[in-house]
Amino acid sequence: MQSLSESTYLVLLALTKKPLHGYGIIKKIEQYSDGAIVIAPGTLYGVLTNLQKQQLIELVTAEKKVDKRKRIN
């Protein structure tokens, strides 16, 4: 296995607790670094692709519920 780049390490760190979508990973990295590190979407998806090829992560899909009401959280 190759040594991990900083971006790869941060993505894996963000995914340690639960599966996240891309935006969730970006926000988790910002949270862990107190806003000091902001990973670009292009960088993120490059890292995710490489991690999938190395079989270090797997894609998880979730069924979406169709709800006609708007939700505001």
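Contact means heavy atoms within 4.5 Å; helices (H or I, at least four residues) and strands (E, at least two) are DSSP runs, numbered from the N terminus. The model is predicted, so that local features need pLDDT of at least 70 and side-chain atom pairs count only at pLDDT 80 or more, while totals for chains, interfaces and linings use all residues. Residues are numbered from 1 along each chain as its sequence is written, and side-chain values use heavy atoms, with hydrogens and water left out.

**View 1. The protein chain follows the pattern α-α-α along its sequence.** Its secondary structure comes to three helices and zero strands. Of the 73 residues in the protein chain, 23% are buried (under 20% relative accessible area, with exposed over 50% and partly exposed in between; 1.4 Å probe, protein chains only). Among contacts with a separation of 6 or more, 37% join residues 24 or more positions apart.

**View 2. The buried residues of α1 pack against α2 and α3.** These residues of α1 are T8, L10, V11 and A14. Seen down the axis of α1, they fall within an arc of 165 degrees (taken over the directions from the helix axis to the C-beta atoms), so they line one face of the helix.

**View 3. T8 is found in helix α1.** T8 counts as buried because its relative accessibility is 14%. Not counting residues up to four places away in sequence, T8 touches V47 and L51. With the same exclusion, L51 touches T8, V11, L12, L56 and I57.

**View 4. The largest nonpolar core has 12 residues.** A nonpolar core is a set of buried Ala, Val, Leu, Ile, Met, Phe, Trp, Tyr and Cys residues joined through side-chain atoms within 4.5 Å. The members are L10, V11, A14, I25, I26, I29, I39, L44, V47, L48, L51 and I57. Helices α1 (6–14), α2 and α3 each supply at least two residues of this core, and α3 gives the most, with four.

**View 5. The largest pocket has a volume of about 550 Å³.** A pocket is an open set of points on a 1 Å grid over the protein atoms alone, where a 1.4 Å probe fits, with protein on both sides within 12 Å along at least five of seven lines; lining residues have an atom within 4 Å of a point. The volume is the space filled by probe spheres set on the points. Of the 15 lining residues, P19, L20, H21, L59 and V60 are the closest to the centre of the pocket. Both α2 (22–32) and α3 (41–53) supply at least two residues of the lining, and α3 gives the most, with three.
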